[in-house]
Amino acid sequence: MKQATAKVTGEICRKFGNDRTRMMDIVLEVQARFGCVSPDAMEEIARALGTHRVEVESVVTFYAFLSVKPQGRVVIRLCSDIVDWMKGYEEVAVAMAKELGVTMGETTADGAITLTRTPCIGMSDQAPAALIDDVVVTHLTPDRARQLVRDLRRHLDPHQLVTMVGDGNNAHPLVRSMVRNNIRHRGAVLFADFVPGSGLRRALELGPEGVIREMKESRLRGRGGAGFPAGMKWEMARNAPGERRYILCNADEGEPGTFKDRVLLTERTDLLLEGMAIAGYAAGNATGIIYLRGEYRYLLPFLTNAIEQRRERGLLGRNLLGRKDFNFDVRIQLGAGAYICGEETALISSCEGLRGDPRNRPPFPPQHGYLGCPTIVNNVETFCCASRILVEGAPWFAAMGSSRTTGTKVLSISGDCRKPGVYEVPFGITARELIEMAEADNAGSMLIGGPCRRMIGPERFEGRICYDDLATGGAIMIFNRARNKLEIAEHYLDFFIEESCGHCTPCRVGLILLKKAVHKVVAGAGEPSDLAGMRDLSNFIIRTSRCGLGQAAPNPVLGALENFGDLYSGLVTERKPGLLPEFDLSKAVVDAELRAGRQSKYV
Amino acid sequence: MSSKARIATVSLAGCFGCHMSILDIDQRILQLADLVEFDRSPINDYKDFQGRCAVGIVEGGCCNEENVHVLERFRRQCDVLVSLGDCAINGGIPAMRNNIPLRECLEDAYLKSPGVYNPAGTVPNDPELPLLLNRLYPCHEVVRIDHFIPGCPPPADAIWDALVGLLTGKPVAPVYNRLKYD
């Protein structure tokens, strides 16, 4: 057994050239082959790659989809995001657990099926959803969940569970998924017609500097959320010293409530790959990597095929469009379930086969990124926009949107609305207009930009979607008036605690302290000074955390304090000086009372 | 009662090291005597409060029921309560038992440890002995604490500055080398 593991593991390492930087691919394949990356396998990988076992272990234990202990032959990952809760997660989870005879996190006695839960898998518009290995199942009900489990027990083949396929390329033989696109509104940029090669052809006419000029004139800002001007980023990478450059596409759409990149990857693959090639041309002597989140693995064969087809048509690979010395190729790097890898420096770490730890900035990736080379990291949508900008010209693009945020934005709308799905709208649209488009009759609050931003109430619904007002990477979650906003805040605080990489103390420890404080208040044990304390602690975490995760993690709580402050202040009361309500002397002495056989005289 | 501000101090589950550090303010104790009147404190050996106090200084955390009772009394009697030193703030040495069940702690201490001579095989249980808590609690987990002075023990200068600041209402700027322990 041990030898067999070593042999197969060794073969997998060889397949990736015993390359230390391809660790992610290696451990993912070992995991797929054995249902875990056992200590023996780690030993073998370390030997083959010429590194230390602890290096391998640090990777395996970092990512949610990798495990040291064996998991079931099939793993069910039930999505437990807040929208899934709203749509019946709890009933589905109970039904599944009961049918399997296990509790959440356990494997059936026969070792066949593991049931666990996972944060947002990018299916909020068709929640509750689950990943069964890499097969997505959507719109779950307790009855459907029970049926799925029964079927799965029979054949243990998740692919057989797909009896009806979704629209568009979801029905493509290489995808065959029940996922639906739910494209509700097509705008002029991303969902307009596009002839593959047209953007690249224009780029070659303009020359690299011309492309960068065009990008700057379009005033395209990164669509991932931070909104850094794309043209400036490309120029920095082009001007940075170094032989090789890298174009990284961030398809690690992990922000809860975001799923628009999933639809772009499915339906606008050419637009994306062309945008990356254009960036590669502008940067010069570059190679592309798409970092695809593990949750979207079901798209991997389809995307690989799309890359292959473009190679055949001379749009990827060597001598693109017949231009000598213009080589640009793309590989796909699969992630393994880590929210933090959506942060660009963590994404780079992960691509290099390391834990998804963020890095200190500066140096910024355009100067010192993947393997130390100048690197452009852009979101899927940003590259898609670039292709269209090249075809239609910067003035066309800059004329759309609001004055300081040009173009359109693809939004993922979910929650309490009748029409959840993907909307391409011009920047500058108001939150209220979105509520109307999505037919949310009773909207009481919204999370614009997902839990890393602060929740807003009706008094902010006239605000505009743009980087200067309501900034978003694409997530729009709508909650009706009956939803418990404090519960939502706590849910997302838990999410950030779980996803913190643990590197820096303010985030790792501070968030736990914040959770304790929130608990105390919600339990009715708080005083007004606790609310001030929560605010102080939140600001402290934001100020002292190293990366965007820690800097955003207190936002669910701060948002609730800021915009729904009376909800918290209604729970706290000024108390007479004395013991804290959370301290219970009778419980604290119970062991000693039993031991001594006498009662405390102070209780 | 004089018009001077009243101060109370106590050592709960501490080693009196913090109180030694209070005494380390040396001749400034004369200045302090001009500023304040000591109420309940090991310094004058008053066993209970004589009146309401402006400042209460607490050394050590709570390891038994009596500590809790005393701390609660301090909270009720003092306008401002200060956790002095690492045991009050973090639990310190007494908190080392926090991951061990109480029964095991007692059995190890009184019955099983090498060198223990205890032919009766009993754990002390005089009614006068306060019952131990299931674990050591830092003071701020038992009552609200207004200020924290870290250190093991906190340097006399830090205590002096904090006291003067509290009594004169002036903010105290933390001094780097008094908060740096390596």
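View 1. Just past the end of helix 19 of chain A, Gly524(A) adopts a positive phi of about 85°. A word on the model before going on: it is predicted, so local features need pLDDT of at least 70 and side-chain atom pairs count only at pLDDT 80 or more, while totals for chains, interfaces and linings use all residues. Residues are numbered from 1 along each chain as its sequence is written, chains are lettered from A and ligands numbered from 1 in the order in which they are written, and side-chain values use heavy atoms, with hydrogens and water left out. Helices (H or I, at least four residues) and strands (E, at least two) are DSSP runs, numbered from the N terminus. Helix 19 covers residues 510-522 of chain A, 13 residues in total, and its first and last C-alpha atoms are 18 Å apart, close to the 18 Å expected at 1.5 Å a residue; the expected span is 1.5 Å times one less than the number of residues. Gly510(A), Leu511(A), Leu514(A), Val518(A), Lys520(A) and Val521(A) are the buried residues of this helix, where buried means under 20% relative accessible area, exposed over 50% and partly exposed in between (1.4 Å probe, protein chains only). Among the elements of chain A that cover these buried residues are helix 17 (485-499), helix 20 (528-544) and helix 22 (555-563).

**View 2. Aromatic rings in chain A.** Rings of Phe, Tyr and Trp (its six-membered ring) pair if their centres lie within 6.5 Å; planes under 30 degrees apart count as stacked, over 60 as edge-to-face and the rest as tilted. Over all chains, the structure has twelve such aromatic pairs. One of them joins Tyr281(A) and Phe326(A), a tilted pair at 5.0 Å centre to centre with 55° between the planes. Tyr281(A) belongs to helix 11 (residues 269-283) and Phe326(A) to the loop between helix 12 (300-312) and strand 8 (330-334) of chain A, so the pair ties together parts that are 45 residues apart in sequence. Both Tyr281(A) and Phe326(A) are buried. Trp396(A) and Phe397(A) are likewise paired: their ring centres are 6.4 Å apart and their planes meet at 50°, so this pair is tilted. Trp396(A) is partly exposed at 24% relative accessibility, whereas Phe397(A) is buried at 0%. Tyr339(A), Tyr492(A), Phe495(A) and Phe496(A) make up one aromatic cluster.

**View 3. Around Thr406(A).** This residue sits in the loop between helix 15 (394-398) and strand 10 (408-415) of chain A. With 1% relative accessibility, Thr406(A) counts as buried. Setting aside neighbours within four places in sequence, the contacts (heavy atoms within 4.5 Å) of Thr406(A) include Ser218(A), Arg219(A), Phe397(A) and Phe427(A). Gly428(A) is 22 residues from Thr406(A) in sequence and 8.9 Å away in space, C-alpha to C-alpha.

View 4. Most residues other than glycine have a negative phi, and most peptide bonds are trans. What kind of peptide bond joins Ala127(A) and Pro128(A)? That bond is cis, with omega about -5°, and Pro128(A) lies in the loop between strand 2 (113-118) and strand 3 (130-132). Another cis peptide bond, with omega about -5°, links Arg361(A) to Pro362(A); Pro362(A) is in the loop between helix 13 (344-351) and strand 9 (375-379). The loop between helix 13 and strand 9 also holds Leu371(A), whose phi is positive, near 50°, although the residue is not glycine. Leu371(A) is partly exposed, with a relative accessible area of 43%. Leu321(A), another non-glycine residue, has a positive phi of about 50° and lies in the loop between helix 12 and strand 8.

**View 5. Where chain A meets chain B.** Here 21 residues of chain A touch 26 residues of chain B. About 2100 Å² is buried between the two chains, 61% of it from carbon and sulfur atoms; buried area is the accessible area (1.4 Å probe) that two parts lose on being put together, summed over both. Arg595(A), Arg598(A) and Tyr602(A) provide 32% of the area that chain A buries against chain B, more than any other three residues.
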